[in-house]
Amino acid sequence: MKETRKRGIRATEEGRKKLTTAKAAKRNHNDKVWTYLDIATAAEVNETTVKRFFRGEAVDRESAISICKALGLEVTDIVDANDLNPPTSKLTPTEIDWRDICDKVVATQQLRRQATAQQYELNIYVPLGLMERPKTPNPIPNPTGEESRQKEPELQIVQTYKDEAFFQKVIAENRTEKGKHIAIVGEPGAGKTTLLGELAERLPKNSPDFPICIRLADLRESTIEDYLLDNWLKKALYFIDADAENVTPGIRKALKQLFCQGKVWLLLDAVDEMAAESPVQALAKIREQLTDWVGKARVVLTCRLNVWDAAISNTLTSFDTYKTLEFEPDDVDEFIRQWFEEASQDEKRRNSDNENFWREQGKRLTRQLKEPGKERIKELVRNPLRLSMLCQSWCVPEQELPETKAALYEQFTTYFFEWKQEEFQKKHRVLKETDKKQIQQALAKLALAAMESANRFRIEQEFAIEQMGEEWFDLADELGWLVLVDRDTRTKKPVYAFYHPTFQEYFAACAIADWHFFLNHVPENPKQGIYRIFEKQWKEVILLWLGRGEIEPKPKQEFIDALVKFEDGCGCFYNYQAFLMAAKGIAEFDNYDSALEIIKQIVQWSFGYLSVELNQWLTDVYPQIRDAAKQILREINHSLVIPQLINLLNTPNEYRCIEVADSLGKVVPGHPKAVESLINLIKTCSIPGVRMKAVIVLANIGKDNQETITHLVDLIHSSPDDPLVRSIAAQCVGKIDSNHPDAILLTVTVPNSFEESSESKKMETNSEDKIKSLISQICTTSDEPINFEVIQDLRHIIKLHLKSAVSALKEALPVQLNDEKDFKLHKICWEFLWQCSENLSYPDFYQAWHPDTLTDSATASLNLANLPQILAEAINDRPDLCSKVKLICIDTHQFIDPDNPAQEIYDEILNQNCPEWQNGYPDTMQKLKLYWNSLRRQSEIPLFFICYDSTALSATPTGFNDSFLKALSKFDRAICVVCEQGNIPLPTFSPSQPDLVAAVVAWIRRSILENRHPI
């Protein structure tokens, strides 16, 4: 990343003498004269910056002030007053060329994350599918049995865009009424950020508008508005006026005017990397912040699919959703051809003895991917990132195909070091095998710690060095595993990210030895357990862990057994989630003993089963489970899945037969058995609805098969008495081949977005009672439009009050299903509870499901004033903890100054036999943080900081000050808080929970066992 240069300030000759004198007078904890590192630590700047300032070289203004303050000096005595007062921009806002400024800022942002070290630019993009939800449920023709009920509207891909078509469409639409916001959603490594970067490059060339890009991980605690007016404009200021240091009000006003005039495209990258507790919260933050002048921009955001899908009634209704689709087989072949053609033209890669080596290597890779038994890796590399990795790792002769996703990353990592070895040799250096091993271990430690931090994919240099050690951090930086992506606007400290987010997940998986890191079930008290299996940020890590070759089969077997047998004790919602995770897991560990049984269950959930007793086809799960199960079928062992699907093609239920053929045709594109089954249904079935659906599915799964077009054309000419089927067949031909003479081209109509009713926006209080009232309305009316409005209101209030919703929905959930009313109520309650389970942690959901376990009598015997003594006794009773930890318990009820209790906390810490700080009394929370960090480094045993309010269970609790909690959240995270307040970015325990002491002890033990900084 190109760093933004600032006009620096220097110490005068007289000032340098004062700096040296002040340094000599300072003593560190060893009673030695302060080193430059001691000054850097106190000033929170780099050691190199301190040395430069002492040498009289220019440093930025904020660093100079911090260094002087750390030494007890006034900056005005050290630097020239003229340098200290920075000039403002000489340009007037009307003279600023915003197009040029935006282009230059974009150029400094590493928006396009290179998939491989070779960085070849290939002219291939993943297809994108425009997804829409029908306005009303789709009626099923010939209503009988189960299919007679209306189906819930589902998002459907209504149009596919390949190559240039997407960019042409969205840029052209901007000047029309169709110019809506856009969401690009997809799996990790699917090319979302690449598409965003390409859009940023194309926009200035094809439009009068300007792109402004924000990596959402960089927001941290800021709003989009604050980030634009502060962080982004400070980056832009260098290009506006290189000598200016201050952003003027006029420049801020000019930027706002650009937005208000609709001239800005706001490109927001990676919603999934935001600091948020759940998908609902992340998307809600975006919606709340796209208001006022910021909301005048056209927004394009990217998001991982599991985050976008998990939100309850996704609030971003004004967004068109485009899903990244996988490469088609022909795209994979073309990608490989282009990649190795680029390699053959690369002077660094050209093999003088065999100019055709690279082209032949590409052909060999293409052939191997098409061999029998390679279906899993063939499916994996339909993803752009993984295909790029495979191509690069095949730069080594006689390379073989990996069998799992983790093996692909391992193969690439091995090649990466070999490739870098060539660069090191040119510098007369050697990258030893021990170096490779240690750097990987250091990266693994950093990756895991970062995954657990509030800003998972935004890694401050100081944090990285603390985790890895400076030697290994420098090597990781030099090798390119870590990339400089930003500088903190306030502290100017460098911020790094892994080469690609998926590598951070891979290295995190490498740091985990025991599967209990993901799951340690405590059924009677989930607060004491570990349930990362239900947290979305760990899904990829879990799969990569299961695919690691160095992990023995036995622990993998045990882990999947635990997932399959998981019992949640609260409605089975997490049972399903755990089982679905197990099913995904056997894609990476297909030697699991009971893999076939899992697949059979997934197939049954996907399509139902034939009841022999009733002689009827039944479905025993709701659509959410059914859809998730169908998706998994595409990801797991094809040799086990395909026979199960082929057997189901003979089912007497025509609609199920079509669904099975659809899945089979996606598992193996255009599978002949699927095509044959659909053609037979079209020819023999007398039900128009069945024939229509079969035609559509046939067109989708056979779109790359010329035989499919032949069958559809035959259908057009052989169905004179069925004009509807003929019309659909012709439309399908048009989607496959728009130039075919029998084609009817489809015109896509964009449905209006549903807006929240004004009533729903007022629902902020009495949430549980309101939910019960809305459910009652649904049950007492048969008017579908009214029901729809009520359900919209229900969605809105549930996403704001998840825990209250669980309690209310559980109470309304019918135990027995006696009539249609019970079925309807059960379906509504269950589906909302499922969405709550996707956005609440398992312990929180369990607690809401069992509110009776939290009674006042359970905690009546606990006097919070005695909490430190009770915790100490509990720890002394544990041989694994006794004498191995030190607790620092702070009662916030005693604070005189709750806004800034730094000195009071420090005094209390000293009372608990901790050493004094050599830099004097910490009179601010910032200084207290430095003392706390120093204290933890010096301590031979782990320190744990526990804040509690001794009056929390009284009628008038003191509570916690928000600014105090916010400051505390920035401390090194060996900290927890005992309080009832929500939305605290720290581990929190309720003072009223019956297992309070056990839960805190379990947190301490868990933190130590994981051998990392506590969360």
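"Buried" means under 20% relative accessible area, while exposed means over 50% and partly exposed is in between (1.4 Å probe, protein chains only). You're looking at a predicted model, where local features need pLDDT of at least 70, side-chain atom pairs count only at pLDDT 80 or more, and totals for chains, interfaces and linings use all residues. Residues are numbered from 1 along each chain as its sequence is written, and side-chain values use heavy atoms, leaving out hydrogens and water.

**Stop one: helix 16.** Helices here are DSSP runs (H or I, at least four residues), numbered from the N terminus. Select residues 384–393: 10 of the 10 residues in helix 16 are buried, among them Pro384, Arg386, Met389 and Gln392. Now click Asn383, at the start of helix 16: one of its side-chain oxygens comes within 3.0 Å of the backbone nitrogen of Leu385.

**Stop two: the cores.** A nonpolar core is a set of buried Ala, Val, Leu, Ile, Met, Phe, Trp, Tyr and Cys residues joined through side-chain atoms within 4.5 Å. The largest has 186 residues, and Trp481, Phe559 and Leu809 are among those with the most contacts inside it. Next, pick helix 24 (residues 573–588), which gives the most to this core, with 11 residues.

Which residues does Leu809 touch? Setting aside neighbours within four places in sequence, its contacts (heavy atoms within 4.5 Å) include Ile771, Ile798, Phe832 and Cys836.

**Stop three: confidence.** Colour by pLDDT, the predictor's confidence in each residue, from 0 to 100. The chain averages 78. Helix 23 (residues 553–564) is highest at a mean of 95, and helix 38 (residues 856–859) lowest at 38.

Notes: Helix = DSSP H or I, 4+ residues; strand = E, 2+ residues; numbered from the N terminus. Polar contact = N/O pair within 3.5 Å; in protein donor to acceptor, adjacent residues only side chain to side chain.
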